[in-house]
Amino acid sequence: MQNAAGRPSMQQAKDGEQTGIKLGCAMFAILLGTFMSNLDAAIANVAIPAISLDLHSAPDTAVWVVNGYQLAMGVFILPLAALGERWGYRRIHLGGVALFVIGSIACAVSPSIGALIAARAFQGIGGACLATVGPALIRIVVPQSMSGRALGWLALTVALSASTGPSIAAFILHASSWPWLFWVNVPISAVVFASAGFSLPPTRGAKRSFDAIGAIMGGIALALSIIGVAGLNTAGSHAGLMIAAGVVSTAFFVWHQRHREHPILPNDLLAIPLFSMSLLTSICAYAAQATALVSLPFMFEQTFGRSIRVSGMLMTPWPLVIVFVAPLAARLAERYRASVLCGIGLALLAGGLWETAALSTSAGNLSIAWRLAICGIGFGLYQTPNNKLVMTSGPRERSGAASAMMSLARLGGMTLGAAVATVMLGKGIDHAPFKALILAGGIAATGSGISLLRLL
């Protein structure tokens, strides 16, 4: 009701204030949950040597503390998206927080490397829940006029979680032992659960059957592919056979899904050219970034002779500029064509990578820093507009499937990029870090071209 002067009544003002508080809490829960799940995908990398020593494990076994988490996330993304559309995204988010905290506690108290890897896989299921439904929840709880900015904050959260993971891990390990990498998740999870329980609205599930056979087939195909790619640089891993089996399994999975009424694979979304090309753009962008981020420390330390501390500082401009560019890109995406912004962003990323690869061994720190800042500007300019296209090119009721495919494209690009860099660095190729950066620039340029094709 309004008063005689036409102003909102006290009750309306109170309701509006409560709505604002709930929206703020919902965004806080979604962003913190996303930060936590993505952070744990990278935070254990730094602790691998300490874990290997403490649990008396070989390094090639301990690395599965990282791979197990990422593998579980990849395998469960599509099934969880289908369950989210069937049960409601709020339930999946709250369930994901519960699984994540249980997995974190299990990791912290693990007595052996096998138990730790199993706990990390369980934790990865919780992480998959949070990563899968986060963008879908944003599309539901945030007004359409603010969706671009909200997705910008989500892109910023993903970028910060990936870039700050090693620094946070180093700080924790300096102050305490590796189990605290997982204990810290307990209070954070409690905050996320309370905020989400208070603010996230119940979403009505769709009457869709769950394709359990398809979920198993897709999980096997993805697991074979990821394990094969991860083993490319490991002797005796039969990586080639695993990748071939993964390709065959994937082809069979896609064929199987074409004949299902409610498939795990969102064929209806993939049939939308704008959606599919946006996913390809995302794969290229994350593959380029992962290739570069794996290669740069080798170039700085082995070729340029920088210390580990200085190398870490030289990497800082990339994520730092994203903090400023991602919100700006969200606003630009409300006024200009997202495909153009993404194309320009990935072209800048390619140029920054090629400029870095052209550096001489006598290059100063400032020369290195401004080139990586250009990479960060380009990546930040690409990320938010592309995410918005992925999330809005299909119907609102398919937001869960769109969110899952966006997460899967990110994971696939990062996995491929890291594998390419690892193989190039491990095969004794002359000037391998420089050549890896040139290749990364080519991948980014390809993504730029794909992005601009969306204008046709």
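Reply: Let's start with I125, which counts as buried because its relative accessibility is 19%, where buried means under 20% relative accessible area, exposed over 50% and partly exposed in between (1.4 Å probe, protein chains only). Please keep in mind that this is a predicted model, in which local features need pLDDT of at least 70, side-chain atom pairs count only at pLDDT 80 or more, and totals for chains, interfaces and linings use all residues. Residues are numbered from 1 along each chain as its sequence is written, and side-chain values use heavy atoms, with hydrogens and water left out.

Me: In which helix is I125 found, and with which residues is it in contact, leaving aside neighbours within four places in sequence?

Reply: Helices (H or I, at least four residues) and strands (E, at least two) are DSSP runs, numbered from the N terminus. I125 belongs to helix α6 (residues 113–141). Contact means heavy atoms within 4.5 Å; beyond its neighbours within four places in sequence, I125 touches A72, F76, L80 and L99. V75 lies 50 residues from I125 along the chain, yet their C-alpha atoms are separated by 8.6 Å.

Me: How many helices and strands does the protein chain have?

Reply: There are 19 helices and zero strands in the protein chain. Its radius of gyration (taken over C-alpha atoms) is 22 Å, close to the 23 Å that the globule rule gives for 456 residues, so the chain is as compact as a globular protein of that length; the rule is 2.2 Å times the number of residues to the power 0.38. The C-alpha trace spans about 80 × 50 × 45 Å along its principal axes, and buried residues make up 52% of the 456.

Me: Where in the protein chain is confidence lowest, and where is it highest?

Reply: pLDDT is the predictor's confidence in each residue, from 0 to 100. The chain has a mean of 84, with 93% of its residues at 70 or more. Among the helices, α3 (residues 59–62) has the lowest confidence, at a mean of 74, while α16 (residues 338–357) has the highest, at 95. Take care with residues 10–17, where pLDDT stays under 50.

Me: How is empty space found?

Reply: Rolling a probe the size of a water molecule over the atoms shows where empty space is left. On a 1 Å grid over the protein atoms alone, a cavity is a set of points where a 1.4 Å probe fits but cannot get out, and a pocket is an open set with protein on both sides within 12 Å along at least five of seven lines; lining residues have an atom within 4 Å of a point. Grid points are joined across faces, edges and corners, and a volume is the space filled by probe spheres set on the points.

Here, the second largest pocket holds about 820 Å³. Its lining has 34 residues, with L222, T250, I283, L408 and G412 nearest the centre. Helix α10 gives the most, nine residues.

Me: And how many cavities of 30 Å³ or more does the structure hold?

Reply: The structure holds three. The largest has about 80 Å³ of space, and P135, L154, V158, M406 and R410 lie nearest its centre among 13 lining residues.
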